[in-house]
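Subject: Structure for you to look through

Hello,

Here is the structure I said I would pass on. Please open it next to this email and follow along.

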Amino acid sequence: MLRRAMGLLARPVAAARARSFSTDLPAAQTADSTFVEAWNKVMPNMDPPKTPLSFMQPRPATPSSIPSKLTVNFVLPYASELTTKEVDMVIVPATTGQMGVLPGHVATITELKPGVLSVHKGNETTKYFISSGFVFIHANSFADIIAVEAVPLDQIDANLVQKGLAEFTQKLSSATTDLEKAEAQIGIDVHSALNSALTG
Amino acid sequence: MASNAAVPFWRAAGMTYITYSNICANLVRNCLKEPYKTEALSRERVHFSISKWTDGKPEKPTIRSDSPAE
């Protein structure tokens, strides 16, 4: 009975080792080789047409040793704030708290809450207030931060933040339906995050 | 997988992530200092014409210029 169990155990483990982890991928391809070969068989005299893959920049491979810099892409719906900028660290406002991302961070997808994003490069730090968004950290030390609104902290008006906080606190106490309560709660969260961004 | 996983309060209240995200973005835009505020609000304004159809025929179209807070 034990010998059969050993046989059963051996098979799934071997299969798992045969597949590579999705975090250790090689660089992405720039041309679809099977398509090119099939084309050349049928039409040897014409150049094969370009496929979307050849227009894209290939994903860099996961290096075997941890790189020294983190490459950050920070995009908004209307503009690209940072494009493949090499930095030392970024601190993102994840829903689970402030999360520091260094080169060699494990591949992660995190949702962001309203808060401050700080980008550290050498001795300088650039801070942005983000309304909400996501961070995709890839195994090859690339981080994609996407946000709907991101403003540098000096563009925020403290008086409007205080007024908003008071208004939404009052709305929460006078809210009746679940939806109104949720909206008031969102207002309070965003304004208190703005407040702590200005004071902290 | 737990089907009663801790959902965020806005989803429990029936709101989708996009609605939540847009509300957050609007609140942040409304708290900006002056030249940035008008820029941000004008960036997100939409302008469209809408016409309802009844019995297979369109009614007279109305033009709407909505700002995202509405």
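Below is what was found in it, starting with the contact between the chains.

Keep in mind throughout that this is a predicted model.

**Where the two chains meet**

Chain A puts 29 residues into the contact, and chain B puts in 21 residues. The size of an interface is often given as the accessible area lost when the parts come together. For chain A and chain B the buried area is about 2,200 Å², and carbon and sulfur atoms give 71% of that. On the side of chain A, the residues that lose the most area to chain B are A:Glu149, A:Gln155 and A:Ile186; together they make up 26% of what that side buries.

Between chain A and chain B there are 6 residue pairs in polar contact, counting pairs with both residues at pLDDT 80 or more. Three elements of chain A each give two or more residues to the side that touches chain B: strand E8 (133–137), helix H4 (158–173) and helix H5 (178–199). The largest share of that side comes from H5(A), with 11 residues. Sorted by class, the side of chain A that touches chain B has 15 nonpolar, 7 polar and 7 charged residues.

**A:Glu149 and its partners**

The structure holds 5 salt bridges over all chains, and the count between chain A and chain B is 2. Which residue of chain B forms a salt bridge with A:Glu149, with the closest N and O atoms 2.5 Å apart? That residue is B:Arg29. B:Arg29 sits in helix H2 of chain B, while A:Glu149 sits in the loop between strand E9 (142–147) and strand E10 (150–152) of chain A, and the pair crosses between chains. Both B:Arg29 and A:Glu149 are buried.

A:Glu149 also meets the side chain of B:Arg43 in a salt bridge, at 3.6 Å from N to O. B:Arg43 lies in helix H3 (residues 34–43) of chain B and A:Glu149 in the loop between E9 and E10 of chain A, so this pair joins two chains as well.

Are these two residues buried or partly exposed? The cut-off for buried is under 20% relative accessible area. A:Glu149 has 0% relative accessibility, so A:Glu149 counts as buried. B:Arg43 has a relative accessible area of 33%, so B:Arg43 is partly exposed. A:Glu149, B:Arg29, B:Arg43 and B:Glu44 are linked in a network of salt bridges.

**A salt bridge inside one helix**

A:Glu167 and A:Lys171 form a salt bridge too, with their closest N and O atoms 3.5 Å apart. Both residues lie in helix H4 of chain A, 4 residues apart, which is about one turn of the helix. A:Glu167 is partly exposed, with a relative accessible area of 40%. A:Lys171 is also partly exposed, at 37%.

**The nonpolar cores**

In soluble globular proteins, nonpolar side chains tend to be buried together. Here the largest nonpolar core has 26 residues. Those with the most contacts inside this core are A:Phe129, A:Ile156, A:Ile186, A:Val190, A:Leu194 and B:Tyr20. The elements giving two or more residues to this core are H4 and H5 of chain A, together with helix H2 (17–30) of chain B. H5(A) provides the largest share, 7 residues. There is also a second, separate core of 21 residues, which includes A:Val72, A:Val92, A:Ala94 and A:Leu112.

**Two single residues to look up**

A:Gln185 is found in helix H5 of chain A. With 26% relative accessibility, A:Gln185 counts as partly exposed. Which residues does A:Gln185 contact, leaving aside its neighbours within four places in sequence? They are A:Leu172 and B:Phe9. The C-alpha atoms of A:Gln185 and A:Lys171 are separated by 8.8 Å, and the two residues are 14 residues apart along the chain.

A:Thr71 lies in strand E1 (residues 70–75) of chain A. A:Thr71 is buried, with a relative accessible area of 7%. Leaving aside neighbours within four places in sequence, A:Thr71 is in contact with A:Thr84, A:Lys85, A:Glu86, A:Ser141, A:Phe142 and A:Ala143.

Regards

Notes:
Residues numbered from 1 in each chain as written. Chains lettered and ligands numbered in written order. Predicted model: local features only at pLDDT ≥ 70, side-chain atom pairs only at ≥ 80, totals over all residues. Heavy atoms only, no water. Contact = heavy atoms within 4.5 Å. Buried area = accessible area lost by both parts, 1.4 Å probe. Salt bridge = Lys/Arg side-chain N within 4 Å of Asp/Glu carboxyl O. Polar contact = N/O pair within 3.5 Å; in protein donor to acceptor, adjacent residues only side chain to side chain. Nonpolar A, V, L, I, M, F, W, Y, C, P; charged D, E, K, R; others polar. Core = buried A, V, L, I, M, F, W, Y, C linked by side-chain atoms within 4.5 Å. Buried < 20%, exposed > 50% of the residue type's maximum accessible area, 1.4 Å probe, protein only.
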